[in-house]
Amino acid sequence: MTVLAACGSQGGGSAADAKTVTLVSHDSFNASKSVLAAFEKQSGYKVRVLKGGDAGKAVNQAILSKDNPQGDVFFGIDNTLLSRGLKAGLFTPYRAKGLDSVPAALQLDKAGHRVTPLDYGDTCVNYDRAYFDRHKLAPPKTFDDLLKPQYKGLLVTENSATSSPGLAFQLGTIATHGEKGWQDYWKKLKANGVEVVDGWEQAYNERFSGSAAGRDKGDKPLVVSYASSPPVEVLGKKPAPKQAPTGVATGTCFRQIEFGGLLKGARNEKGGKELLDFLLSRKFQEDMPLQMFVNPARKDATVPELFTKYGATIDKPATLAPETITENREQWIKQWSSLVLK
């Protein structure tokens, strides 16, 4: 991530603050230097980016600091965590420019405009093609496949309590097995040797043998990541391979929608509104696929061929109604923690 740092102090109300707009996000936020520079030139603001770990940790920190917010805009709260942020009163309502170009299905706070949908993607198990080729083993396709003895000890996932993709994976198992069956599923998955780590960066870049970063040190050929992760492994390779070195178990996917919002109590509310407008602009939206490997929220944004050619399209991802997640999330996380972490 290229962070265009603020030049002045963070003292409240200073002239430097008025020229700086601060974006708070998770570790996976990324954007092209030229794209952020275009916003700076257009608006006159310097952009400061503060990263706070995985999405779950970043949201928790934003809630803990809500009376003295770390910045002006928060990027990266998704549909699995949205009600937590709304209940805490994190955001000031604002209707971002360009919202008419976002499908209604992504606008989960359409009445209040407290958050703006910025991207979506599907959390899915990814697999290391080379491992399965070497072992002459077919990769798993579904949640139930992960319980089979041939996949014992091969999967790494993220902690539901601290990680957005980890929670999404848990919700996918609940959507598939129901409120009465998901705990039994996780008992079996634990017995089959699933490994749990704190967040996506550790799971994908350190433990997963199929990633460029983890290829020499990771020993898990299955990881909870995204349907759009395979293009990451192809980016910049010449000549371009026929297929990505990683694949997607398409029957293990759960749909995530990411939002941005103007933080309540923002020191630079005017700059925050302009930044939120920019995050929904076509310029930024068309930069997202090959920077954060997510689908842009705008339906008129052009998606690069590399993203569509090597990523998996999930026609029927597992889903849960937002109100169902709201009513049960905290209880489900506690139950999951008791089952899996103890």
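Reader: Where is lysine 188 found, and is lysine 188 buried, exposed or partly exposed?

Author: This is a predicted model, and in it lysine 188 is found in helix 6. Buried means under 20% relative accessible area and exposed means over 50%, with partly exposed in between. Lysine 188 has 44% relative accessibility, so it counts as partly exposed.

Reader: How far apart are lysine 188 and valine 125, in sequence and in space?

Author: Counting along the chain, 63 residues separate lysine 188 from valine 125, and from C-alpha to C-alpha the distance is 17 Å.

Reader: Helix 6 has my attention now. Which nonpolar core residues touch the most other members, and what does helix 6 give?

Author: A nonpolar core is a set of buried nonpolar residues joined through side-chain atoms within 4.5 Å. The largest one here has 77 residues, and those touching the most other members are Phe74, Leu155, Phe169, Leu222, Leu279 and Phe284. Helix 6 gives the most to this core, with nine residues. Apart from it lies another core, of seven residues, including Val197, Trp200, Phe208 and Val223.

Reader: Let me look at leucine 155. Which residues is it in contact with, leaving aside neighbours within four places in sequence?

Author: Leucine 155 is in contact with Val125, Leu146, Phe169, Leu189, Gly193, Val194, Glu195, Lys220, Leu222, Val223 and Val224.

Reader: Next, the cysteines. How many disulfides does the structure hold, and which residues form a disulfide?

Author: The structure holds one. Its partners are cysteine 124 and cysteine 253, with sulfur atoms 2.1 Å apart. The angle about the S-S bond is 115°, and the link is right-handed. Cysteine 124 belongs to strand 5 (residues 116–128) and cysteine 253 to strand 9, so the pair ties together parts that are 129 residues apart in sequence. Both cysteine 124 and cysteine 253 are buried.

Reader: How do I read the pairing of strand 1 and strand 2: parallel or antiparallel?

Author: Pairing is judged from the bridges between two strands. Strand 1 (residues 20–25) and strand 2 (residues 46–51) pair in the parallel sense, over six bridges. For one of these residues, valine 24, the bridge partner in strand 2 is leucine 50.

Reader: Where is the kink in helix 11 centred, and which of its residues are buried?

Author: A bend is the angle between axes fitted on either side of a residue. In helix 11 (residues 322–340) the kink is about 55° and is centred on asparagine 328. Asn328 is itself buried, as are Ile325, Arg329, Trp332, Ile333, Trp336, Ser337, Leu339 and Val340. Among the elements covering the buried residues of helix 11 are helix 4 (82–87), strand 6 (155–158), helix 6 (164–191), strand 7 (195–197) and strand 9 (246–263).

Reader: Last, the backbone. Which residues does a cis peptide bond join, and what is phi of lysine 136 and of phenylalanine 293?

Author: The cis bond joins lysine 238 and proline 239, with omega about -5°. Proline 239 sits in the loop between strand 8 (222–226) and strand 9. Lysine 136 has a positive phi, near 50°, and is in the loop between helix 5 (129–134) and strand 6. With a relative accessible area of 76%, lysine 136 is exposed. Phenylalanine 293 also has a positive phi, near 55°, and lies in the loop between helix 9 (282–285) and strand 10 (295–296). Phenylalanine 293, at 10% relative accessibility, counts as buried.

Conventions: Residues are numbered from 1 along each chain as its sequence is written. This is a predicted model: local features need pLDDT of at least 70, side-chain atom pairs count only at pLDDT 80 or more; totals for chains, interfaces and linings use all residues. Side-chain values use heavy atoms; hydrogens and water are left out. Helices (H or I, at least four residues) and strands (E, at least two) are DSSP runs, numbered from the N terminus. The bend at a residue is the angle between axes fitted to the seven residues ending there and the seven starting there. Buried means under 20% relative accessible area, exposed over 50%, partly exposed in between (1.4 Å probe, protein chains only). Contact means heavy atoms within 4.5 Å. A disulfide is a pair of cysteine sulfur atoms within 2.5 Å.
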